[in-house]
Amino acid sequence: MNLLRFLLLTLVLASQGAAAMTGIFWQPQLRDSQVSNASWQSLMQSVRKQGFDTLILQWTRYGDAFADASETAKLVERTAAARKAGLKVIIGLYADPDFFTRQQQPALALENYLNRLRVNDLEQLQHWLDAAGIAPDGWYISAEIDDHNWRNEARRQPLLKWLNDTRLGLNKMSDKPVYISSFFAGNMEPDAYARFMQQLHSTGLHIWIQDGSGVGTLSAAQSQLYLNASANCNDGAAEGVVYGLFKSQPGETFRAEPKSSAEINALLATPSACGKSRVYFSLRYLPIAHNILAR
């Protein structure tokens, strides 16, 4: 292969990937509709000035929430304001509140359930395109992949088929990058988890790994072993890391509150490793949103 052909091939392959980003998740809540348009636009401008280039909606449908046309219209309006502020937008699709319970079903029931999730995501993509009129900069599968339920290789096969089929279906309707995130809690060894992430990546999805700092299941040193294995610069499948801007309080019911301003500033200043994306969770915990978005 001559040099010109090699350079052209390199450019083509690069164009097929997703560019590194500095993104912030927004987890839409129905109560967010109470925020005035002026306040939201100001918040989006502040987000852009703080160095973010992408807003990621964790979902645009959560069970029955946001099923109403007026609720969808409000989300479309919010994303238009983000674009006006200079942000790219990645749209999360359907989220099932019972996902972590339903994924524990026996094999046949699990396969049927995952097929229904795929249909829900495809329908939500079309619903969003009809409502918004334009495609976003990417799509996000809202189901988060853990390191407990999918430890068994045989059990993992319907998961991989579901994700591959969903990605193909989404790309057929809208040829944009498709993202998903995963988290670890010490249920697999770091190297085994890294191989699992490689399998997820083989479906054509763009993988983000959650850093786990918000929930505090593992120590910082333990978590770093997983990040080193799955998000390293050589063969790590993850294209970015999701940094938690919150900390959880002990108790039977999960409660979260923002980390200190110093901790958040330190996370925001974390350099990108070899061009990988930096993504943060979530908008609600940023100091600039404290007087705008209720927690």
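**View 1. Buried residues of helix α8 in the predicted model.** Helix α8 spans residues 220–230, and its buried residues are S223, Y226, L227, A229 and S230. Because these residues cover an arc of only 165° around the axis, they lie on the same side of α8; the arc is that of the directions from the helix axis to the C-beta atoms. Buried means under 20% relative accessible area, exposed over 50%, and partly exposed in between (1.4 Å probe, protein chains only). Helices (H or I, at least four residues) and strands (E, at least two) are DSSP runs numbered from the N terminus. The model is predicted: local features need pLDDT of at least 70, side-chain atom pairs count only at pLDDT 80 or more, and totals for chains, interfaces and linings use all residues. Residues are numbered from 1 along each chain as its sequence is written, and side-chain values use heavy atoms, with hydrogens and water left out.

**View 2. Packing partners of α8.** The buried residues of α8 pack against α7 (190–201), β8 (206–210) and β9 (240–244). Contact means heavy atoms within 4.5 Å.

**View 3. The opposite face of α8.** Exposed residues A220, A221 and L225 are carried on the face of α8 turned away from its buried side.

View 4. Nine helices and 12 strands make up the secondary structure counted in the chain. Of its 295 residues, 47% count as buried. Among contacts in the chain with a separation of 6 or more, 79% come from residues 24 or more positions apart. The C-alpha atoms fill a box of roughly 50 × 50 × 45 Å, taken along the principal axes.
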